[in-house]
Amino acid sequence: MKILTVTAHPDDEILGFGGSSWVLTQKGNEVHHLILSGNVDVRRHRPEVSELFADIDKANKEVGSTFELRDFPNIQFNVIPHIELVKCIETVIEEFEPDLVFTHHPMDLNDDHKHVSNACQAAVRLFQRKPVKRIKGFYFMEIPSSTDWAFPLGYGGFLPNTFIEIGEEGLKMKLSALSKYQGVMRAFPHPRSVEGITGLAAKRGGESGYIYAEAFQAVFQGLE
Ligand SMILES: [Zn+2]
């Protein structure tokens with residue numbers, strides 16, 4: 001299977017999908033990440049851009065995934081025309097031909113995540129408009145310190161209904177990959193702490209009967 005994730009920032013792909021990347025690539029699947037603000041220039045506590053590229057590379061090698069970067073501006077996706085984001089994602093869908101697509105939840109606290117999610121929702125319909133490979137599944141993922149930090153205002157938050165078991169090894173590889181990113185991990189009780197990541201994986205495992213899991217919200221599935 002070919003799996004594509006579409007995220008805003010370097011580290012989202014590991015925070016939301018790091019354990020799953022490791023498990024799925026170990027089983028022979030291909031996991032590729034499109035990171036739309038790959039040239040992040042407004043990051044506090046973050047390294048120089050050249051160091052960031054090295055961090056992205058190291059983190060993804062750790063869990064077996066590949067990636068490509070675009071340079072949309074960090075925390076400014078609100079001023080980018082929707083159509084630009086959609087076209088960018090559509091191009092990668094045409095080239096990579098994924099079976100499954102994962103992206104941000106549209107209610108995440110981070111504004112870039114909302115815009116990426118909305119653009120991705122439009123882009124995954126491409127196979128119904130053009131003769132490109134059918135997408136069999138489309139899912140929202142959860143990003144600690146963004147999905148969980150959205151305020152419960154009644155617009156429909158993250159509803160986990162799909163789980164991937166990552167096991168102790170997958171959790172270890174996820175934490176190891178996150179440690180390659182300078183400035184991402186924080187002290188507990190921040191959600192991006194070893195305790196926060198481990199606790200969330202344990203909670204999602206408890207919900208699904210798995211030994212540690214990453215949770216997703218299925219948006220669209222075509223069974224064949
Ligand atoms: Zn992000």
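**View 1. Along the chain, the donors of the zinc ion follow the spacing H-x2-D-x100-H.** In this predicted model, local features need pLDDT of at least 70 and side-chain atom pairs count only at pLDDT 80 or more, whereas totals for chains, interfaces and linings use all residues. Residues are numbered from 1 along each chain as its sequence is written, and side-chain values use heavy atoms, with hydrogens and water left out. H9 (ND1), D12 (OD), D12 (OD) and H113 (NE2) are the protein donors, lying 2.0 to 2.4 Å from the zinc ion; donors are N, O and S atoms within 2.8 Å of the metal (3.2 Å for Na, K and Ca), and because water is not among the atoms, sites may look incomplete. D12 belongs to helix α1 (residues 12–26) and H113 to helix α4 (residues 111–123), so the pair ties together parts that are 101 residues apart in sequence; helices are DSSP runs (H or I, at least four residues), numbered from the N terminus. Both D12 and H113 are buried, that is, under 20% relative accessible area with a 1.4 Å probe and protein chains only.

**View 2. The structure holds zero disulfides.** A disulfide is counted where a pair of cysteine sulfur atoms lies within 2.5 Å. C88 is in no disulfide, and the nearest cysteine sulfur, that of C120, is 10 Å away. C120 is likewise in no disulfide, with the sulfur of C88 as the nearest cysteine sulfur. C88 is buried, with a relative accessible area of 12%, and C120 is buried, with a relative accessible area of 0%.

Terms used:
Helices (H or I, at least four residues) and strands (E, at least two) are DSSP runs, numbered from the N terminus. Buried means under 20% relative accessible area, exposed over 50%, partly exposed in between (1.4 Å probe, protein chains only).
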